[in-house]
Amino acid sequence: MPEIALPLFLCLLIPLALVGMALINTGLNRSRNAAHSVLSSLCAASVAVLAFVIVGSAISGVAGEPAHTISIAGRAWGWAGGGALFARSFHVTDWHGLLALIFQLFAVSLAAQIPVAGGAERWRLTATCLSTGFLAALVFPFVDFWIWGGGFLSQLGSNYGLGNGFVDAGGAGVIQLTGGLTALVMAWLLGARQGKFTGEGVPLAMPGHNAMIVLVGSLLALVGWMGLIGAGAVLFYNAGPGMLLMAVINTLVAASGGALSALLTTRTRFGKPDASLTANGWVCALVAVSASAPFVKIPEALLIGLVAGVVVVFAIEVVELRMQVDDPAGAISVHAVGGVWGLLAAGMFVSGQGQFLAQLIGVGTVIGFVVPLAYVVNYGMNRVVPHRVDPAGERQGLDLHELGAGAYPEFVTHREDFLRR
Amino acid sequence: MIELRIAGILLMLAGWMLMLAAVVMLNSLPARTGFASAGLAVEILGLALLAGAHIPKRKKRDA
């Protein structure tokens, strides 16, 4: 019993990251969509769990159990797990496999929330659930197996002498980059919110309705991330007490560095610090350090966080101004860009010859697999089940249009109805 | 614009395959790194094409 206590405790902290992200996403949306935003997060998590249990767990497999491999130039490449549908491969006597399943269920829930943030304020709930089901059943499990389940990315070290193979303790690739790239795909397919861009392509500010819950969400996310990174390190990298303690310290140091560097960057660029961008800097640093927190030194973790905080501010500008992508919560910049930085930083700071190349291949694999697959399938889904809410519903707000009730029934949520014309 | 999207997706797949081929077919670390980087550059080009296909045509402001 004592041997499961620590990893189980760490896994049970991960829902705090789910709560934190739901709060951040909702706070950055307008009040007319607040209830719908949180409900979408809840539904996405629920659908993700069920889809993973029914289908995904068969693909992600059980570590140490036989898997599907192909032989390439004399070397075995694991491409999918050999599990059974409905998680029938997991047995009550295999507590390590069950712990890994618990961790993966929370991980897929977290990954599912990221596209919800990218498509916020115009993505219908039914379509959200359908898309999430596909992500959890057929996209996430492959990436999960390749990186955590003994698949070909984790075998780059043993097969080709590339360092320790692709390293990703807390899911910077499996969760964050996968989710962030899917958010980008959904933002493209859904299009921008009404009134976001002028005819000349100038983006207009649509501030979130509650900066306080964004910041509180960031603080909660820290605890969840510590659980995520710690559990990943123990379950997939056999981390001992020292590495676990280092992971906790590095996570906190990186987040602190990310928040402060984002604050200073916005203070310098805009004259005053920006609360939501500072929160994004904090989370982006968490995303970035999750790849390597148990393995790097404290100054390296600080550097990872500092760079993440600066990068996210500029990435949000590039995504909005140059790419003309409407991303209400900055999900693409925080999770995709932060994930890429974290994975490459792991290549720079984790020791092992060829480690950087292993990280490069992993990043390229996730991008090359997730974007085409997510784009083609969601494009097809959109033709059958329209993803975007109609314009009148979007203007009214998804709370009233889809749910029939607003999150703040006592307050005015449509300021423009009361302005003199 | 649909052609641009298809081209972008195919380029991304090609870039990914290039990266994997670099690891399988080459032996020295510098050569593998160089070709894998080239593969990643092809992928990013594909991503850029896909991104470009989603940038709407905008009106120019009158002078």
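Guide: Over all chains of this predicted model, the count comes to six salt bridges. Let's begin with one of them, where the side chains of Glu121(A) and Arg30(A) meet, N to O, at 2.7 Å. Glu121(A) sits in the loop between α4 and α5 of chain A, while Arg30(A) sits in the loop between α2 (15–27) and α3 (34–60) of chain A, so this pair ties together parts that are 91 residues apart in sequence. Are these two partners buried or exposed? Buried is the word for a residue under 20% relative accessible area. Glu121(A) has 3% relative accessibility, so Glu121(A) counts as buried. Arg30(A) has 17%, so Arg30(A) counts as buried too. Glu121(A) has another feature to look for: its phi is positive, at about 75°, although Glu121(A) is not a glycine.

Now turn to another pair. Arg193(A) forms a salt bridge with Asp326(A), and their closest N and O atoms are 2.8 Å apart. Arg193(A) lies in the loop between α7 (172–190) and α8 of chain A, and Asp326(A) lies in the loop between α11 (298–322) and α12 (331–349) of chain A, so here the parts tied together are 133 residues apart in sequence. Arg193(A) is buried, with a relative accessible area of 4%, and Asp326(A) counts as buried at 2%. These pairs belong in one picture: Arg30(A), Glu121(A), Arg193(A) and Asp326(A) are linked in a network of salt bridges.

A further salt bridge joins Glu394(A) to Arg388(A), with the closest N and O atoms 2.7 Å apart. Glu394(A) counts as buried at 2% relative accessibility, whereas Arg388(A), at 25%, counts as partly exposed.

What about the place where the two chains meet? Between chain A and chain B the count is zero salt bridges. Across that interface there are, however, five residue pairs in polar contact. Chain A and chain B bury about 2,700 Å² between them, and 76% of this is on carbon and sulfur atoms. The contact takes 33 residues from chain A and 26 residues from chain B. On the side of chain A that touches chain B, the elements giving two or more residues are α6 (156–160) and α13 (355–384). Of these, α13(A) gives the most, with 13 residues. That side of chain A divides into 22 nonpolar, nine polar and two charged residues.

In soluble globular proteins, nonpolar side chains tend to be buried together.

Ser218(A) is buried, with a relative accessible area of 4%. Not counting residues up to four places away in sequence, Ser218(A) touches Ile24(A), Ala279(A), Trp282(A) and Val283(A).

Definitions and conventions:
Residues are numbered from 1 along each chain as its sequence is written. Chains are lettered from A and ligands numbered from 1 in the order in which they are written. This is a predicted model: local features need pLDDT of at least 70, side-chain atom pairs count only at pLDDT 80 or more; totals for chains, interfaces and linings use all residues. Side-chain values use heavy atoms; hydrogens and water are left out. Contact means heavy atoms within 4.5 Å. Buried area is the accessible area (1.4 Å probe) that two parts lose on being put together, summed over both. A salt bridge is a side-chain nitrogen of Lys or Arg within 4 Å of a carboxyl oxygen of Asp or Glu. A polar contact is a pair of N or O atoms within 3.5 Å; within protein, one must be able to donate a hydrogen and the other to accept it, and residues adjacent in sequence count only if both atoms are side-chain atoms. Helices (H or I, at least four residues) and strands (E, at least two) are DSSP runs, numbered from the N terminus. Ala, Val, Leu, Ile, Met, Phe, Trp, Tyr, Cys and Pro count as nonpolar, Asp, Glu, Lys and Arg as charged, and the others, Gly among them, as polar. Buried means under 20% relative accessible area, exposed over 50%, partly exposed in between (1.4 Å probe, protein chains only).
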